[in-house]
Every structure is written in C-alpha cells, then in structure tokens.
Amino acid sequence: MSEAQLTPDGRRQWPEQQARRARVYRRRRVLVAALTIGALLLAGYFLPRAWDAVRAGLTGDQTLSEVRGDQLPEAEDPAPGAESSAEPDSGAEADAEPSPEPTPVRASDPSWDPDSIHVLVNPQNSLDPEDHAPSDLEAPDVRMTTENQLLLRRPAAEALAQLIDAAAQDGQVLAMTSGYRSYAAQLELYANRHSAVGTEETDELVARPGYSEHQTGLAADVISIDNPDCIQGHCFADTPEGQWVAEHAADHGFVIRYPEGAEEITGYEFEPWHLRYVGQDTAGEVAAQGLTLEEYWDQPAAAEYDVAEPDLSAP
C-alpha cells in the first residue's frame with residue numbers, strides 16, 4: 001500500500017514504519033556480514049590444520065590423486081609361479097649359489113715370441129725358429145770369468161749389473177760365467193757331450209740346440225768366484241753368495257729357473273746359479289709362491305722331449 005492510500009493516522013505512522021524496516025534491514029545486513037566474517041575466520045583457522053593432518057596421514061607410496069579418490073584400479077594377482085618385485089623370495093636367495101671368486105690376475109703369461117722376455121723355453125717348447133738370435137745383445141758391465149766377452153739381451157744385461165752391484169754392497173762378490181749361446185754354440189756343446197755319454201745323460205745336463213734358455217739371451221750363470229770353498233756347482237746354494245742370490249734375485253727381475261726338487265717339471269737338475277730374467281713383477285710372484293715358470297704360467301711339465309733323439313745337423 002502506498003502512502004497516498006493511507007488514512008490520516010496511517011500517514012502519520014508511515015515514516016515510523018519505514019524507519020523500523022530500515023533498522024531491521026540494517027541489523028540483518030550486519031548479522032549476515034558478521035556471520036560471513038566469522039565463517040571466513042574459522043575457515044582460515046581450520047583449513048591449514050586439516051590439510052597438514054591429511055598430508056601427515058599419507059604413506060610413502062600414496063599420492064594426492066589417491067587421497068582424492070581417483071586411484072588406479074588394483075593390479076590383478078600375479079600368475080602362479082610369477083615373481084613379485086614387492087616381496088622377494090627369501091628362500092630363493094638362500095638357495096642361490098654364491099658368485100665364484102674372480103680368478104687372480106698374474107703379472108704375465110707365457111709367450112711363444114722369441115723376442116718376449118716371457119718366452120717359455122723347455123724340452124716341450126723350442127724357440128721358433130730354432131736358430132733364433134736376439135737383436136739387442138750387449139755385454140753386461142759386470143765381472144766375468146772368461147776372456148771372451150759374455151752377452152745378454154739389453155734388459156737382462158742391465159738387471160744383472162744391478163744385481164751384482166747390489167750383492168757387492170752387501171759384501172757378496174759375484175761374477176758372470178755364462179750368458180747368451182747361439183744355436184751353433186749350443187749344438188757344438190750338446191754334440192760333444194752326446195758323443196761321449198749318449199742322449200739320456202746329455203739331456204739331463206745340457207739343453208738341445210733350439211731348446212736352450214741361454215739362446216734367448218735372457219739367462220745368465222753366476223758363481224762365487226772368490227769363495228775358495230765353492231767355485232761353482234751345487235755347493236753354490238750353500239755359500240753366502242748363493243744364499244744372497246736366492247733371496248734377492250727376484251728384486252732384480254730374475255728367477256732361479258731350475259729349483260731344487262722340480263726336476264720332473266723343468267726337466268733339469270737343481271741349478272742354483274742359473275738365473276732367468278722375466279722382469280720384477282713376474283719374478284716377485286714366482287719367488288713368493290715358490291713355483292717354477294711352468295707352474296706359474298699353468299703349463300704342462302716338461303721333463304722329457306717329444307722327440308726321442310735330437311737332430312744334431314746344422315740348420
């Protein structure tokens with residue numbers, strides 16, 4: 001109803017009614033505003049704490065998408081006998097065989113190259129060619145027992161000079177009595193003995209031509225020349241000089257090539273004076289393990305020749 005339609009009393013009361021309505025509307029707006037502000041304050045207080053609680057409840061494998069309920073379908077059970085990556089079969093691990101130990105790496109392997117310092121020469125392995133002659137022969141700077149100049153390959157000559165000098169510093173006087181022998185020289189040496197005692201006895205002490213370590217230029221014979229009790233021979237092992245050589249030869253790259261008690265392996269009797277150059281690493285391991293070169297290089301024993309009778313004709 002508009003104000004024009006009111007009675008005189010109604011018109012007098014109209015302003016008061018409008019004022020009351022305005023006050024009611026204002027109170028309502030204030031109440032709504034207060035409720036809205038209160039709701040916002042409560043939301044600002046509780047929502048961060050609720051979110052922290054949700055995050056704390058997540059496991060290491062859960063993701064936010066899982067919390068919201070949009071997880072992927074569960075995987076089907078694996079087929080019987082199939083392995084599970086989540087739960088390894090501890091029984092299978094217990095039954096598994098342990099991994100084999102790695103094969104130790106040795107300092108060198110045998111060589112069939114006549115120019116290698118690791119060439120293997122014995123009654124089962126001749127030089128190839130049999131009349132091979134080294135190209136780097138030289139005379140070691142050492143005392144020698146012969147008027148003829150003795151030769152070795154350069155690395156062996158330098159190592160022997162160091163060995164004999166080190167012995168002298170320890171009061172042990174050594175001399176070189178044999179070194180490189182050519183095929184022709186070895187043939188003559190073998191043939192002379194062979195004509196006197198035959199094949200069997202000659203093979204025990206002298207290598208056949210083409211099968212001699214002296215022909216490699218890497219083997220040297222040493223003696224205690226100033227020791228009146230033992231000029232040479234097996235007694236060398238019992239002299240201070242011989243004992244020094246046995247203890248220190250490997251320090252300079254040499255091994256005692258034909259050790260005592262190894263005749264069935266090397267094919268030769270004990271020769272404590274016969275030194276073979278193989279380099280310090282190999283010599284050190286051979287000496288430390290107490291092996292022959294055949295054993296160290298995993299090669300067959302070489303006590304006998306494949307050929308019963310030697311070929312004593314010139315090449």
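Guide: Let's begin with strands: two of them pair if DSSP finds at least two bridges between them. Helices (H or I, at least four residues) and strands (E, at least two) are DSSP runs, numbered from the N terminus. This is a predicted model, in which local features need pLDDT of at least 70 and side-chain atom pairs count only at pLDDT 80 or more, while totals for chains, interfaces and linings use all residues. Residues are numbered from 1 along each chain as its sequence is written, and side-chain values use heavy atoms, with hydrogens and water left out.

Visitor: How do you know that β5 and β6 are paired?

Guide: Four bridges link β5 to strand β6 (residues 271–277) in the antiparallel sense, and the cut-off is at least two, so the two strands count as paired. Along this pairing, tyrosine 258 has glutamate 271 of β6 as its bridge partner, and valine 255 stands opposite arginine 276 in β6.

Visitor: What makes β3 and β5 edge strands?

Guide: The open sheet has four strands in the order β3-β4-β6-β5, with antiparallel pairing. β3 (175–178) and β5 each have a single partner strand, so one side of each has no neighbour in the sheet. From one strand to the next, the twist averages 50°.

Visitor: Why is β5 described as largely enclosed?

Guide: The test is relative accessible area: under 20% is buried, over 50% exposed and anything in between partly exposed (1.4 Å probe, protein chains only). Four of the five residues of β5 are buried, so the rest of the structure largely encloses this strand. For the protein as a whole, 35% of the 315 residues count as buried.

Visitor: What makes the pair of phenylalanine 254 and tyrosine 277 edge-to-face?

Guide: Rings of Phe, Tyr and Trp (its six-membered ring) pair if their centres lie within 6.5 Å; planes under 30 degrees apart are stacked, over 60 edge-to-face and the rest tilted. The whole structure holds four aromatic pairs. For phenylalanine 254 and tyrosine 277, the centres are 5.4 Å apart and the planes stand at 65°, so this pair is edge-to-face. Phenylalanine 254 is in strand β5 and tyrosine 277 in strand β6, 23 residues apart, so by the ring test the pair links distant parts of the chain. Both phenylalanine 254 and tyrosine 277 are buried.

Visitor: Then why is the pair of tyrosine 258 and tyrosine 268 called tilted?

Guide: Their ring centres are 4.8 Å apart and their planes lie at 50°, so the pair is tilted. Tyrosine 258 is in strand β5, while tyrosine 268 is in the loop between α8 (263–266) and β6. Tyrosine 258 and tyrosine 268 are both buried.

Visitor: How do you know that α9 has its buried residues on one face?

Guide: In helix α9 (residues 280–289), the buried residues are Thr282, Ala283 and Val286. Viewed down the axis, they fall within an arc of 95° (taken from the directions from the helix axis to the C-beta atoms), so they line one face of the helix. These buried residues pack against β5 (254–258) and α10 (293–296). The face turned away carries the exposed residues Asp281 and Ala288.

Visitor: What makes you say that arginine 208 sits over the ring of tyrosine 305?

Guide: The charged end of arginine 208 is 3.9 Å from the ring centre of tyrosine 305. The rule asks for NZ of Lys or CZ of Arg within 6 Å of the ring centre and within 35 degrees of the ring normal, so this arginine counts as sitting over the ring.

Note on methods:
Contact = heavy atoms within 4.5 Å. Axes fitted to C-alpha atoms, helices over the stretch in contact; angles between N-to-C directions.
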